[in-house]
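Please read this briefing with the sequence and the model side by side. The points are grouped by topic.

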Amino acid sequence: MNAPRDIGARIREARKAAGLTQEQLAELADTSTRTVRDIEKGTGATGLGVVARVAEVVGLRLVAEG
């Protein structure tokens, strides 16, 4: 399991289902297009708060499980 890639894939699916481009999602989440791209690929060192904000824009919610 690769959590960053799995989360990124879910965000990408939700973004496309919402009819948003990466640029539009970045603007709505108050971040850069590069950050959205990195999140969707599961790469980079994006903070959890930014990932959560991007996910929320497309109707997803991050949940920590232990």
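In which helix does Pro4 lie? Pro4 lies in helix 1, where helices (H or I, at least four residues) and strands (E, at least two) are DSSP runs, numbered from the N terminus. This is a predicted model, in which local features need pLDDT of at least 70 and side-chain atom pairs count only at pLDDT 80 or more, while totals for chains, interfaces and linings use all residues. Residues are numbered from 1 along each chain as its sequence is written, and side-chain values use heavy atoms, with hydrogens and water left out.

**The nonpolar core**

- The largest nonpolar core is made up of 12 residues, namely Ile11, Ala14, Leu20, Leu25, Ala26, Ala29, Val36, Ile39, Val51, Val54, Ala55 and Val58; such a core is a set of buried Ala, Val, Leu, Ile, Met, Phe, Trp, Tyr and Cys residues joined through side-chain atoms within 4.5 Å.
- Two or more residues of this core come from each of helix 1 (3-17), helix 2 (22-28), helix 3 (33-41) and helix 4 (48-57), and helix 4 gives the most, with 3 residues.
- In soluble globular proteins, nonpolar side chains tend to be buried together.
- Leu20, one of the core residues, is in contact (heavy atoms within 4.5 Å) with Arg15, Leu28 and Val58, leaving aside its neighbours within four places in sequence.

**Helix 1**

- Helix 1 has 15 residues and reaches 21 Å from its first C-alpha to its last, close to the 21 Å expected at 1.5 Å a residue, the expected span being 1.5 Å times one less than the number of residues.
- Gly8, Ile11, Ala14 and Arg15 are the buried residues of helix 1, where buried means under 20% relative accessible area, exposed over 50%, and partly exposed in between (1.4 Å probe, protein chains only).
- Pro4 counts as partly exposed because its relative accessibility is 45%, and Pro4 touches Ile39 and Gly42, not counting residues up to four places away in sequence.
- Pro4 and Asp38 are 34 residues apart along the chain, and their C-alpha atoms are separated by 9.8 Å.

**Helix 4**

- The buried residues Val51, Val54 and Ala55 lie in helix 4, and because they cover an arc of only 100° around the axis, they are on the same side of helix 4.
- These buried residues of helix 4 pack against helix 1, helix 2 and helix 3, while the face turned away from the buried side carries the exposed residues Gly49 and Glu56.

**The largest pocket**

- About 350 Å³ of space lies in the largest pocket; on a 1 Å grid over the protein atoms alone, a pocket is an open set of points where a 1.4 Å probe fits, with protein on both sides within 12 Å along at least five of seven lines.
- The pocket is lined by 13 residues, of which Ile7, Arg10, Arg61, Leu62 and Val63 lie nearest its centre, a lining residue being one with an atom within 4 Å of a point.
- Helix 1 and helix 4 are the elements that give two or more residues to this lining, and helix 1 gives the most, with 5 residues.
- Ile7, which has its place in helix 1, counts as partly exposed because its relative accessibility is 30%, and Ile7 touches Val51 and Leu62, not counting residues up to four places away in sequence.

**Loops and backbone angles**

- Most residues other than glycine have a negative phi, and most peptide bonds are trans.
- Asp30 has a positive phi of about 55° although it is not a glycine; Asp30 is found in the loop between helix 2 and helix 3 and counts as exposed at 66% relative accessibility.
- Ala45 lies in the loop between helix 3 and helix 4 and counts as exposed at 80% relative accessibility.
- Ala45 and Thr35 are 10 residues apart in sequence and, C-alpha to C-alpha, 9.1 Å apart in space.

Methods: The arc is that of the directions from the helix axis to the C-beta atoms. Grid points are joined across faces, edges and corners, and a volume is the space filled by probe spheres set on the points.
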